[in-house]
Structure formats: C-alpha cells, structure tokens
Amino acid sequence: MAKVKYRFNAHTLSYDKIVISFKTKIKRFIALSSTTLLTSVLIAVGILQFYESPRMRRLNKENERLLAQYQLLYKDLNKVEKVLSEIEQRDNNLYRVIFESDPIPSTIRKAGFGGVNRYSQLESFDNSDLVIKTAEKLDVLMKQAYVQVKSYEEVMHMALNKEKLNSCMPAIMPISNKTLKSTASGWGYRFHPIYKINQFHYGMDFTAKIGTNIYATGDGVVKDIQSIGGGYGKWVLIDHGFGYETLYAHMSEFKVKAGDHVKRGSIIGLVGSTGTSTGPHVHYEVHKNGTPVNPQYYYFKDLNAQEYEKMVTISSNIGQTFD
Ligand SMILES: [Zn+2]
C-alpha cells in the first residue's frame, strides 16, 4: 500500500494531504525507468570494454584463425601464380614455337574481369583489402589456367597434325638420286630447249633412263592423271593435303590411277620423254596453296646439308631445261 504524504499548510496551520495526479505518476515512472535503463546500458558497455562474453571470445578467436588462414591462402596463391607463369613461359617459348604457332600474349593470359565491380559485397569489412585481393588473384589464376588448358588442347591438336604433316609433306626426290648425278635443271629462268627462249622453269628436272621408277615424294592421293601429246606428256598430280601438291611429268608409264592413296616412296610411274621433252627425264613441281614453289626446299629426308648444297650448285649451273 502506497505511503500517504502530507504537506504543512502555514495559513491553516494544519497538514494537507498531497494528492499526486495519475499523469504525474506516469511521468515520474517513465523518467525513473529511462534513467535506470540508461545507467544499466552504460554499465554494461563499460563492462564489455574490459570483459568478453565466452561467445565473443570464441568468435574473436575464430576470426583471428580465419584471418591467418586467409593470409596463408594468399601466400599459396602467389606460389601457384609463379608455377603457372613458368608453365606459360614453357608453353609460349617451347611448345608453341615447335608447332610454329604464335605465343599467347600476356594481356590475354592475365586478363581480369572488367565491367561491374565483382567484389562490392566484400567491401566495408575490417579485412576487406586482403579478402578482395585474394578473390581477385583467384579469379585471374582461374582465367590463366583456363587459357592454358585451351592452349594445350591446341598444341596437342597441332602435335597430332604435325605427325601427319611430316608424312604427307613432299620431302624426297622423285627418283633415286644418291650420287646426285641425275640432278639437272632447277628452278628459275632457263633456256627452253624447244622454244629457244629464256623462260621461267617452275620445277626441277631429273634425268634418268626410260623406265626408271618415279616415287611419290609424300603421302597423298592421286588427284589427276593426264596423257597429252604436248606439254607435260604423261603426268601425275598428287594432293598431299596441308596445301601441298606435287606434279610429275613426261612419264612413259603410269603405275597409279586417279583416287589411289600413295605413301612416300610408292612407285607412281616410270621415267619417259613424253610431251615437250628433249630427253628422258622427270619434270617435278611442288605446289603450295596452288602456287609452284622451288622444289629444292623439299628434299630434307633425302639430303644432308652438304648434299643439299651440292645439288643446289648443280641445278643452278645447268642453263638449259629438258622441260
Ligand atoms: Zn622441267
């Protein structure tokens, strides 16, 4: 029961009962409660400055551990970056060079991700710097690894193709010519024996007895066989793929037919003197992407460096073709 309070009245010389309105009571209650609450909060905050709750302590410890792990992760990513960059160097300077392919520029290898800020959700934390640079590094590394995988796929494809190119490319002489004595006229302007004018000779002539074997100089498919009165006489055209074709002219006899698959060294015909020819020989042409090229660069499986030099000298000195 609430205490009744009185106030002395000097005029009446008596005690008047103090009556407190409900509103005042509410006001006093609110004022008292607020002061108490504020004081409690201040005390609690003060205590927390010096004292951690077990849960806070656990979380803080966990945070420290995570931060340490993040720092370790960042260091590890640096190591991964170093290893990846060595792999890239090797890829650019060795594998891609072997297969005559351009190196991949580092601007493509190390490209980040442009456009929107991918890391905005990682901002405004205590350790945002570390977290963002780790995320960035990881992104770039993933991109680098992806480019590297693509490059290896390409190199692998080139390696498989290279093996095929090796067996298809014209790489021997069209007749057996170990002593090089069969080497006659080479590529370039030569005196034409029949037309009696200087004319560009788009191939190389090899003299040999009629009936001597003529060989396919690389794997391929017989694309065309023709037998005409003038010009090349009896000739064979082989498609080797990769843009290479070879032509063998003035044959006496064919040993293949159009559409036949041939291997390097297969006999495709015999030496003759058909067409516009002054004596038994094979006129040999190498075409790259539809244009005749100097055949002397395509004997690398037959000739060593000295033999090659000797052959070039002989074929350059002979001023007249057999056509
Ligand atoms: Zn010729």
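Reader: Hi! Quick one to start: is H250 buried or exposed?

Author: H250 is buried, because its relative accessibility is 0% (buried means under 20% relative accessible area with a 1.4 Å probe and protein chains only, exposed over 50%, partly exposed in between). One note before we go on: this is a predicted model, where local features need pLDDT of at least 70, side-chain atom pairs count only at pLDDT 80 or more, and totals for chains, interfaces and linings use all residues. Residues are numbered from 1 along each chain as its sequence is written, and side-chain values use heavy atoms, with hydrogens and water left out.

Reader: Thanks! And where does H250 lie?

Author: H250 belongs to strand β9, which covers residues 244-254 (strands are DSSP E runs of at least two residues, helices H or I runs of at least four, numbered from the N terminus).

Reader: Which other residue has a phi near 65°?

Author: S124 does, and this residue is not a glycine either. The setting of S124 is a loop, the one between α3 (106-109) and α4.

Reader: Buried or exposed, that S124?

Author: Exposed, since the relative accessible area of S124 is 74%.

Reader: Back to β9. Which strand does β9 pair with over three bridges?

Author: That would be β11, and the two strands are antiparallel (strands pair if DSSP finds at least two bridges between them). In β11, G269 stands opposite F254. Strand β6 (residues 213-215) also runs antiparallel to β11, joined by three bridges. There, I214 is the residue opposite G269.

Reader: So why is β11 largely enclosed by the rest of the structure?

Author: Because four of its five residues are buried; the strand spans residues 267-271.

Reader: You mentioned F254. What lies over the face of F254?

Author: K234 does, at 5.5 Å from the ring centre (a charge sits over a ring if NZ of Lys or CZ of Arg is within 6 Å of the ring centre and within 35 degrees of the ring normal).

Reader: Nice. And which ring does the charged end of K133 sit over?

Author: The ring of Y74, with the charged end 4.7 Å from the ring's centre.

Reader: Where in the chain do Y189 and F200 sit?

Author: Y189 is in strand β3 (residues 188-191) and F200 in strand β4 (residues 198-201). They are eleven residues apart, and the pair links distant parts of the chain.

Reader: Is Y189 buried or exposed?

Author: Y189 counts as exposed because its relative accessibility is 61%. F200, at 25%, counts as partly exposed.

Reader: Last one: which residues form one aromatic cluster with Y189 and F200?

Author: W187 and Y202; together with Y189 and F200 they make up one aromatic cluster.

How values were computed. Phe/Tyr/Trp six-rings, centres within 6.5 Å; stacked < 30°, edge-to-face > 60°.
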